[in-house]
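Work through these exercises with the sequence and the 3D view side by side. Try each task before reading its solution.

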Amino acid sequence: WRAYDERLDREVALKLLDPSQIDASALHEWLHEARAVSRLTHPNIVPVFDADEGDGRPFLVFELVDGRTLSAARREQGAFGARQAVTLMLEVLDALAAAHAQGIVHRDLKPSNVLLGIDGRARVMDFGIAARTEHGGDGRIVGTPGYMSPEAARGEAPAPSMDVFAAGMMLGELLAGRPLLVESDPWRAVERVQHEDFALPASVQADDTLRAIVARAVARDAAQRYDGA
């Protein structure tokens, strides 16, 4: 929601969580993670101003960014040129590197979670399901099919390599003008990512170096990917 912060006299973005969808222990964990994310300061990350409960309703307060999502830009523009796609993704990777340095994994990186401000700067948002790497996993499948890594699809513990995979899928999508994994059934997408290899289609205008970067980033085996963002 677009909201108004009376105390600080500014408009903000407000995200509400349905309390019926989360139990008390999970809510405590969610608020703890959100407060950890609020300490991230980076020009390519939409800052979290507050994380709390009001009238029994958990909420997050973000900076309100004027602009559109990367998914909207891709739908309107189609395929991005190589220089444009790489320049934009470098900003996304800088944001991920800053989060990973603090032990925080996004876990739901996708074009709709990247805002393009009117200044042209890319800003990663919605660290709402982010997790700290030292906490391990609980077996839950977290993320969005089509960008979720094979190990995330198996419910493994959060790791930076999951965000590297998602970033590779995003770069491939920008270059191709469409997602690398097109699947209407989300459970089928979760299954496919564990058994299929993805790469830029042959029709995409990209040199061998860029193709290799995408292929390495989206390798099914996390050990074959880049060591970090």
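**Exercise 1.** Is aspartate 9 buried or exposed? Then describe its place and its backbone.

Solution. Keep in mind that this is a predicted model.
- Step 1: Take the relative accessibility of aspartate 9, which is 57%. Exposed means over 50%, so aspartate 9 counts as exposed.
- Step 2: Locate the residue. Aspartate 9 is in the loop between β1 (2–5) and β2 (10–16).
- Step 3: Check the backbone. Phi of aspartate 9 is near 55 degrees, a positive value, and the residue is not a glycine. Most residues other than glycine have a negative phi.

**Exercise 2.** Find the loop that holds arginine 107, and decide whether this residue is buried or exposed.

Solution. 
- Step 1: The loop runs between β6 (104–105) and β7 (114–117).
- Step 2: The relative accessible area of arginine 107 is 18%. Buried means under 20%, so arginine 107 is buried.
- Step 3: Look at phi. Arginine 107 has a positive value of about 80 degrees, although it is not a glycine.

**Exercise 3.** Describe the surroundings of phenylalanine 127.

Solution. 
- Step 1: Phenylalanine 127 is in the loop between β8 (122–124) and β9 (131–132).
- Step 2: With 5% relative accessibility, phenylalanine 127 counts as buried.
- Step 3: List its contacts, leaving aside neighbours within four places in sequence. They are Val37, Leu40, Ile45, Ala99, Ile104 and His106.
- Step 4: Compare with alanine 82. Phenylalanine 127 and alanine 82 are 45 residues apart in sequence, and their C-alpha atoms are 27 Å apart.

**Exercise 4.** Which side chains make polar contacts with the side chain of glutamate 173?

Solution. 
- Step 1: Glutamate 173 is in helix α5.
- Step 2: Relative accessibility is 3%, and glutamate 173 counts as buried.
- Step 3: Name the partners. Arginine 74 is joined by a polar contact of 3.1 Å. Tyrosine 147 is joined by one of 2.6 Å.
- Step 4: Widen the view. Not counting residues up to four places away in sequence, glutamate 173 also touches others, among them Pro111, Arg178 and Leu180.

**Exercise 5.** How do helices α3 and α5 pack?

Solution. 
- Step 1: The angle between α3 (residues 82–101) and α5 is about 165 degrees, with the axes 10 Å apart.
- Step 2: Over 145 degrees counts as roughly antiparallel, so α3 is roughly antiparallel to α5.
- Step 3: The crossing is right-handed.
- Step 4: Find the contact residues. On α3 they include Ala82, Leu88 and His100, and on α5 they include Pro160, Met170 and Leu175.

**Exercise 6.** Which residues of α7 (residues 208–217) are buried, and what do they pack against?

Solution. 
- Step 1: The buried residues are Leu210, Val214 and Ala217.
- Step 2: They cover an arc of only 70 degrees around the axis, so they lie on the same side of α7.
- Step 3: Asp208 and Thr209, on the other side, are exposed.
- Step 4: The buried residues pack against α3 and α5.
- Step 5: Look at the start of α7. A side-chain oxygen of aspartate 207 comes within 3.2 Å of the backbone nitrogen of threonine 209.

**Exercise 7.** Which residues of α6 (residues 186–193) are buried?

Solution. 
- Step 1: They are Ala189, Val190, Arg192 and Val193.
- Step 2: Their arc is only 165 degrees around the axis, which puts them on the same side of α6.
- Step 3: They pack against α4 (150–153) and α5 (160–176).

Technical notes. Residues numbered from 1 in each chain as written. Heavy atoms only, no water. Buried < 20%, exposed > 50% of the residue type's maximum accessible area, 1.4 Å probe, protein only. Helix = DSSP H or I, 4+ residues; strand = E, 2+ residues; numbered from the N terminus. Arc of directions from axis to C-beta. Contact = heavy atoms within 4.5 Å. Axes fitted to C-alpha atoms, helices over the stretch in contact; angles between N-to-C directions. Parallel < 35°, antiparallel > 145°, perpendicular 65-115°, else oblique. Left-handed = near helix turned anticlockwise from the far one by under 90°. Polar contact = N/O pair within 3.5 Å; in protein donor to acceptor, adjacent residues only side chain to side chain.
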